[in-house]
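Subject: Structure handover

Hello,

I am passing this structure on to you. Please look through it below; my notes on what was found follow.

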Amino acid sequence: MHVPAHGGGAGLPADVREAFGSYAHYDLTELPGYDDLFHPTGIIAAAQQLAAELWQAEAAYFLAGGASAGVRAMLAAVCNPGDEVLVGRNAHKSLADALVFTGAVPRYLPVESRDGLLLNVTPQAVREGLVRYPRAKALYLTSPGYNGVAADLAAIAGMARETGVFLLVDEAHGAHFRFSSGLPQPAGPFCDLCVQSWHKTLGALTPGAVLHCHSSRVDRRRLRDALQAVQTTSPPYPLLASLDAVRRRMALSGENVVREMLAQARTLRRVLAAKFPLLTAEEAKQLGFALDETRITILTARAGIDGLALGNLLATCNIETELIQSHAVLAVVGPGYNPDWTEKVAACLQAMPPVRAFNMYLPPPPGLPPVRYTPREAWFLPSAAAALPDAAGCAAAAPLVCYPPGVPLVYPGEEITPAVVEYLLAARSAGVIVHGVDEQGLVRIIAEV
Ligand SMILES: Cc1ncc(COP(=O)(O)O)c(C=O)c1O
């Protein structure tokens, strides 16, 4: 006589029961023997402790709201309203919400790019940011980025230590780094807090993720409060169980899991590289970064072909990739990769007609727009709808984000420049989903009086 009201599955609609009956069996609430996600003393506490030990963290917190929840909690744990935070401009859009929620003031760091691809932040950019904003309380980096390009965290951590800023890392795509010397270095040894999306790389259920605390400088009580503020009070146990099971697998055979992922990825790379240029570890290294080779980026712009057309041709062979952009296509190899898929790709490539030429209908991504308001100010100001072309020169009330990869082009409070308008119009007509622009092509702008 308790929730969830489906009573272990019997109360689900028949079709849902058929599909998810065994899931529902484990979909329980805080019953005796179970635990409380926010005040754990039993099985969740034990599972989190084991996760912390494996990732050599002081504490680990399971996230029922994905890495997105972790990003919000991470910032809220260390930043007060008005605190400056240096932010690499490849951050996921969940950071925009975190900036509204906390009232922290972002100071953006430029991100290197190549062939239209966002790489990462350089130590030089961090150094300049720290000099320019000496009052910064935190440095927020996304490493690796979506395409697996990791920043030089060892060099950057030295600067963070010298200046005393908190180093917060969105490592959503890098939970597996700790298990192979053939991957970029994990963030753990360098940062105060980091967030990992275990559903993205380790095979947990969506949106299972974990936040690790690596330093005693972080106020744990405040971190726990922040985690409660951004998550459900009804934690999904099947999701939490999947996190614990993934942790167990990684503890027992993490090196083998990742070795296999890398081996499969390298085989797939060889097949793809016979036809297209790929972003390689060597190239990333030359540019001062490290590459996770399980992220395979086909550099379609460099090849002179259109990535959207290539993505569609692959889809006709039932090959679904992670990210399709005009300048690049990204394939991800995870623990669920089936070696047969490589042969399928090879066969598809062999039969593939010539791919339409890259016709540059997307202008180069616009530079950093001028800041008119902080994200939090923008949230509370009155806003209005405007057609995208008419919004040029106005301040954005909501982030404008090509999705995926989910990296805001414009943060709330920033000016929608003519270059942004041109880019987004072209992106939309090329079929890119843009969050922040509705079906009628309207955006929210700050209604200035
Ligand atoms: C870099 C980065 N951080 C955070 C997130 C959010 O992760 P989640 O889906 O686990 O909330 C994403 C999602 O794509 C991401 O790419």
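I begin with a strand pair: strand 13 and strand 14 (residues 329–332) run antiparallel and are joined by two bridges. Please keep in mind that this is a predicted model. Within that pair, Ile324 has Val329 of strand 14 as its bridge partner.

The two strands belong to an open sheet of three strands, ordered 12-14-13 and paired antiparallel. Strand 12 (295–298) and strand 13 (323–324) form the edges, each pairing on one side only. Helix 9 (residues 237–273) packs on this sheet, where it touches strand 12 and strand 14. The direction of helix 9 makes about 10° with that of strand 12.

On the domains: the assignment for the chain gives domain 1 (7–250), domain 2 (259–351) and domain 3 (375–446). Between the C-alpha centres of domain 1 and domain 2 there are 26 Å. Contacts between these two involve 24 residues of domain 1 and 23 residues of domain 2. On the domain 1 side that touches domain 2, ten residues are nonpolar, ten are polar and four are charged.

Next, the ligand. Which residues come nearest to the ligand? Of the 15 residues around the ligand, they are Gly66, Ala67, Ser68, His92 and Ala172. Helix 3 (residues 66–78) gives the most to this shell, with four residues. By type, the shell around the ligand divides into six nonpolar residues, eight polar and one charged.

Regards

Methods
Residues numbered from 1 in each chain as written. Predicted model: local features only at pLDDT ≥ 70, side-chain atom pairs only at ≥ 80, totals over all residues. Near = placed C-beta within 6 Å. Nonpolar A, V, L, I, M, F, W, Y, C, P; charged D, E, K, R; others polar. Domains from an automatic or database assignment. Contact = placed C-beta atoms within 7 Å. Pairing = 2+ DSSP bridges. Axes fitted to C-alpha atoms, helices over the stretch in contact; angles between N-to-C directions.
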